[in-house]
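I opened my notebook to look up a few things in this structure. My entries follow in the order I made them.

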Amino acid sequence: MAPAPTAASLVSLSRRGLVAAPALMLLVRPLGATVIATPPQMVGPYYPVAKPTDSDIDLTEVKGRSGRATGEIIEVHGRVLSARSGPLGGALVEIWQADHQGRYHHPDENAGPADPNFQGFGAVRTAAGGEYLFRTIMPRFYGSGRFQRTPHIHFRVVAEGRPEFVTQMYFPGVAMNARDFLFSRLGGDAARDAVTARREPADLPRFRFEVVLA
Ligand SMILES: [Fe+2]
């Protein structure tokens, strides 16, 4: 059984006071024997060239701007785990994603500028129990033809003593997932399940995504 997160670890997750302790208590559950390592996926072309000055866990606001990101606000949370030893505290978790129009903050984005009120990138260190949380928006699909991408969030995880790990999180119940050239290329239902977040009941749409390192 993973240890319950301490008040200090919960507070450390929140730089803007958006994390409620009861919500994170739901994260604490034993690592089941059938858990498989999360499949790696390509970094893709839109990892930030330069990290934004504001790269905190709330992607719906950009420091110094009064506006809020356009789109459906969601929470994404979960844990970083070792398949062998359980929760990994202190791991760096980075996410980056498209905005409500399917655009990234990146110089190679040729569909037009991304929402200036959307941070687009966030980073946090996991708490002692491996927990992380981000507030963001539901990304839109992008691309066209056979290279059209279903909505997804990119993850980069760096845990002490391990090589960096990169994957992508997908949303449950999205029909476009089956046509996505990266999602559909994953080797089997278990692999696709391992990169698909779980929807949880909450006031805000909340998705749980566990990153399990081999
Ligand atoms: Fe992407």
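**Pocket.** I began with what the word covers: a pocket is an open set of grid points where protein lies on both sides within 12 Å along at least five of seven lines. The model I looked at is predicted. I checked the second largest pocket, and its space comes to about 230 Å³. Its lining has 18 residues. Pro 52, His 105, Gln 119, Gly 120 and Phe 121 are the ones nearest the centre. I sorted the lining by type and got 12 nonpolar, 5 polar and 1 charged.

**Iron site.** Next I asked which residues are the protein donors of the iron ion. I found Tyr 104 and Tyr 142, each through OH, and His 152 and His 154, each through NE2. These donors lie 2.0 to 2.1 Å from the iron ion. Along the sequence I read their spacing as Y-x37-Y-x9-H-x1-H.

Then I took the angles. The 4 donor atoms subtend 93 to 157 degrees around the iron ion, so the arrangement is irregular. For tetrahedral, all angles would have to lie between 85 and 135 degrees.

His 152 has 1%, so I noted it as buried. His 154 has 3%, so His 154 is buried as well.

**Glu 210.** Last, I looked up where Glu 210 sits. I found Glu 210 in the loop between strand S9 (206-208) and strand S10 (211-213). Its relative accessibility is 14%, so Glu 210 counts as buried. I also noted a polar contact at 3.0 Å between the side chains of Glu 210 and Arg 79.

Methods
Residues are numbered from 1 along each chain as its sequence is written. This is a predicted model: local features need pLDDT of at least 70, side-chain atom pairs count only at pLDDT 80 or more; totals for chains, interfaces and linings use all residues. Side-chain values use heavy atoms; hydrogens and water are left out. Donors are N, O and S atoms within 2.8 Å of the metal (3.2 Å for Na, K and Ca); water is not among the atoms, so sites may look incomplete. Four donors count as tetrahedral if all angles lie between 85 and 135 degrees; four count as square planar and six as octahedral if opposite donors are over 155 degrees apart and all others between 65 and 115; anything else is irregular. Buried means under 20% relative accessible area, exposed over 50%, partly exposed in between (1.4 Å probe, protein chains only). On a 1 Å grid over the protein atoms alone, a cavity is a set of points where a 1.4 Å probe fits but cannot get out, and a pocket is an open set with protein on both sides within 12 Å along at least five of seven lines; lining residues have an atom within 4 Å of a point. Grid points are joined across faces, edges and corners, and a volume is the space filled by probe spheres set on the points. Ala, Val, Leu, Ile, Met, Phe, Trp, Tyr, Cys and Pro count as nonpolar, Asp, Glu, Lys and Arg as charged, and the others, Gly among them, as polar. Helices (H or I, at least four residues) and strands (E, at least two) are DSSP runs, numbered from the N terminus. A polar contact is a pair of N or O atoms within 3.5 Å; within protein, one must be able to donate a hydrogen and the other to accept it, and residues adjacent in sequence count only if both atoms are side-chain atoms.
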